[in-house]
Amino acid sequence: MPDLYDQLKKLDKHARYPYHMPGHKRNPEAGPLADVMAIDITEIDGFDDLHNPGGILREAQQRAAKTYGAEESFFLVNGGTAGVLAAVSAVCAQDREKSQDQPLLLAGRGSHQSLAHAAYLADAEVRWLWEEDRAEGEAVIPGTVYPAEVMEALTAASGEGHLPAAVFVTSPTYYGAVADIPSIVEIAHSFGVSVIVDEAHGAHFGFGQGMPDSALHAGADLVIDSVHKTLPSLTQTALLHVQGKQVDRDRLRRFLRIFQTSSPSYVLMASIDSCITMLREKPESLLGGPVLYKQLILETSASWKYLHILSRAAVQDPCKIVVSTAATHMTGRELYDILLENYHLQPEMAGENEVVFILTGMDTEEGLEALLWSLAAVDGMLADGTFTSSAEKPQFPGTPHPEVIRTITDAWDAPSEKLPLDDAEGRICADMIVPYPPGTPLLVPGERIDASMVQRLKALTSAGYSVRGLEKEDGVISLRALSSKTG
Ligand SMILES: Cc1ncc(COP(=O)(O)O)c(C=O)c1O
């Protein structure tokens, strides 16, 4: 079966003159991206319609579903974000049919901002499941949601006579920690509640030896895979999978129509389809690399004295490497900057005391050697005293657990004012405060800003982290708080 890309390549040979969008008309003179434009079309004859698929797009989505073991899979051209928005909206709309109550979601606090955006749009109440941190030596990274916590929260909700529309879990996390999805699914299903797994960072799960199992295989009802994050697919490409009888698929399609563009890019969709072909035909050659490379990195780092690479017990995802500086006087940001400026390596993210790297099947031996060599050199700098820190080591009082005063929708739509961070203690946040990356909110609208949060936000900004929702003007950092001081 020819994939979408093969069909697009035949466009020129068909020699149909394009009296249609896009405006570049596939003209080779259309600018520096003319090569890409040559296969860039919209829903013209013979190329189906993503929002009402009956031809080649339906076949391509069926290939994706078969490859992942889903009952149905949907192409996303607006990232995993569109999948989270559609999945949460669909389960909340389904919940409204059953009850007049405001829909309730149980969600890991480490969820990506798109979960809070979806809750805002659905006017849902979110009850947070607090992940336990994972510690290894002096290194501490955010962990995952635990089944016992899901059981406790569902038992409480059931006791109140108000079961949630869904349990929303992120696995793997940005740091590569994997949740016990089979147990979470078993518990949620025993209450008749759907499970949505944000597997945006784990589109490779379930393929090839040494990879963790996929959330679909564990029985999750809705799963979001951002293929662009760890597989060879263009930025913005992702998949939403569904299985079982819990979720109303018509509603899901309705929300996909709402959240996805009416002019989906065939370049992006062809990229997903080609990626699926590679996954199906040669998963080992695509995914053997990260497993092997991670092993090599862990073995090599055993001789380093200061930098620590978190083991596979803490970071189960072979595609994530987390290097901790916790046992040194270096911050995560400083390690990140040294690697970028001195060694021309661009990590994925700097945390307070760690740097995160993504490995994929497209990495090269040269790339791996450069990483190992550079990290060993930095370890040497720490050993011989050549490195002197210019930053204060961040001192954060554990994972923040802000007090929830109002729902996200209530608070985000309420009258608010801009306030210097110095005056914000005790006030109620009226915006999303999100360090990016990783895109996990520290505060969502409706949560109390306490003293330790003010301290944390100051420390993050002064250490050079980008925090969405904070503004800096004339040296003053400010955020939006509810005008009402009491909520
Ligand atoms: C855990 C998680 N979920 C969802 C998303 C959104 O995915 P996308 O960037 O594909 O829209 C991200 C993005 O970084 C993420 O980290």
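The following text describes the domain assignment and then one interface.

The model is predicted: local features need pLDDT of at least 70, side-chain atom pairs count only at pLDDT 80 or more, and totals for chains, interfaces and linings use all residues. Residues are numbered from 1 along each chain as its sequence is written, and side-chain values use heavy atoms, with hydrogens and water left out.

The domain bounds come from an automatic or database domain assignment.

| Domain | Residues |
|---|---|
| domain 1 | 72–256 |
| domain 2 | 283–384 |
| domain 3 | 408–482 |

Between the C-alpha centres of domain 1 and domain 2 the separation is 28 Å. Their contact (heavy atoms within 4.5 Å) involves 26 residues from domain 1 and 29 residues from domain 2. The two domains bury about 2200 Å² between them, with 62% of it on carbon and sulfur atoms; buried area is the accessible area (1.4 Å probe) that two parts lose on being put together, summed over both. Of the area that domain 1 buries against domain 2, 28% is supplied by Glu136, Tyr174 and Tyr175, more than by any other three residues.

The elements giving two or more residues to the side of domain 1 that touches domain 2 are β4 (134–136), β5 (139–141) and α9 (227–230), where helices (H or I, at least four residues) and strands (E, at least two) are DSSP runs numbered from the N terminus. On that side, β5 gives the most, with 3 residues.
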